[in-house]
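Please look over the sequence and the model before reading on. The paragraphs below are meant for someone who has not seen this structure before.

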Amino acid sequence: MYERYRDRAEFLAVYVREAHPTDGWRMSFNDHFGVAIAQPRTFLDRVAAGKTCSEKLEVRMPLLVDTIDDQAGRAYSGVPDRLYVLDPDGTVVYQSGRGPFGFKPGEMEQALILTILDRTWAKAEAARR
């Protein structure tokens with residue numbers, strides 16, 4: 001979706017608390033992709049972990065990193081993964097189930113398209129006035 005809609009919407013990834021750290025609930029899936037890392041203890045550690053994950057998983061969209069006290073993760077229930085669509089005012093118009101098993105890409109894409117259309121219609125209406 002990022003590749004398809006990035007010229008019409010802003011996409012951001014937010015790295016939050018490590019879901020499967022080597023010093024916690026470790027999963028061999030992470031080992032396979034080379035992202036087997038310990039739970040970051042400082043913000044700089046979290047930035048480094050986010051960078052590693054982004055590079056290894058080839059995440060192409062811009063990456064933000066949550067604070068070490070998990071402000072974004074708690075506010076948006078972002079652990080382990082969650083997808084959101086926000087409108088231009090910052091209102092959540094779509095929230096996925098917990099990922100990756102709760103992801104429904106078709107639902108998210110529909111919400112994204114409708115949000116883009118709403119914004120396009122609002123701009124056209126403002127131009128007519």
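What follows is a walk through selected features of a predicted model.

We begin with backbone angles. Most residues other than glycine have a negative phi. Against that background, Glu58 stands out with a phi near 55°, a positive value in a residue other than glycine. Its place is the loop between helix 3, residues 43–56, and strand 2, residues 63–65. Glu58 counts as exposed because its relative accessibility is 58%, and the cut-off for exposed is over 50%.

Asp70 is another residue other than glycine with a positive phi, here near 60°. Asp70 sits in the loop between strand 2 and helix 4, which covers residues 71–76. Is Asp70 buried or exposed? Asp70 is buried, because its relative accessible area is 12% and buried means under 20%.

Next comes the pairing of strands. Strand 3 and strand 4 run antiparallel and are joined by three bridges. Within this pairing, Val85 has Tyr94 of strand 4 as its bridge partner. The two strands, strand 3 and strand 4, form a hairpin with five residues between them. In the turn, Gly90 has a positive phi of about 90°. Thr91 also belongs to the loop between strand 3 (84–86) and strand 4 (92–95). Leaving aside residues up to four places away in sequence, Thr91 touches Val85 and Leu86. With a relative accessibility of 42%, Thr91 counts as partly exposed.

We turn now to the surface. A nonpolar patch there is formed by Phe43, Leu44, Val47 and Ile68, and together these residues have about 350 Å² of accessible area. One of them, Val47, is found in helix 3. Val47 has a relative accessible area of 33% and is therefore partly exposed.

The last topic is aromatic rings. A pair of aromatic rings is described by the distance of the centres and the angle of the planes. How many aromatic pairs are there? The count comes to two aromatic pairs. Tyr2 and Phe11 are both buried. Tyr76 and Tyr84 also form an edge-to-face pair, with 5.3 Å centre to centre and 75° between the planes. Tyr76 has a relative accessible area of 37%, so Tyr76 is partly exposed.

Definitions and conventions
Residues are numbered from 1 along each chain as its sequence is written. This is a predicted model: local features need pLDDT of at least 70, side-chain atom pairs count only at pLDDT 80 or more; totals for chains, interfaces and linings use all residues. Side-chain values use heavy atoms; hydrogens and water are left out. Helices (H or I, at least four residues) and strands (E, at least two) are DSSP runs, numbered from the N terminus. Buried means under 20% relative accessible area, exposed over 50%, partly exposed in between (1.4 Å probe, protein chains only). Contact means heavy atoms within 4.5 Å. Two strands pair if DSSP finds at least two bridges between them. Patches are made of residues with over 30% relative accessible area and no salt bridge: like charges are joined within 9 Å, nonpolar side chains (Val, Leu, Ile, Met, Phe, Trp, Tyr) within 5 Å. Accessible areas come from the Shrake-Rupley method with a 1.4 Å probe; for residues, only the protein chains shown count as cover. A salt bridge is a side-chain nitrogen of Lys or Arg within 4 Å of a carboxyl oxygen of Asp or Glu. Rings of Phe, Tyr and Trp (its six-membered ring) pair if their centres lie within 6.5 Å; planes under 30 degrees apart count as stacked, over 60 as edge-to-face and the rest as tilted.
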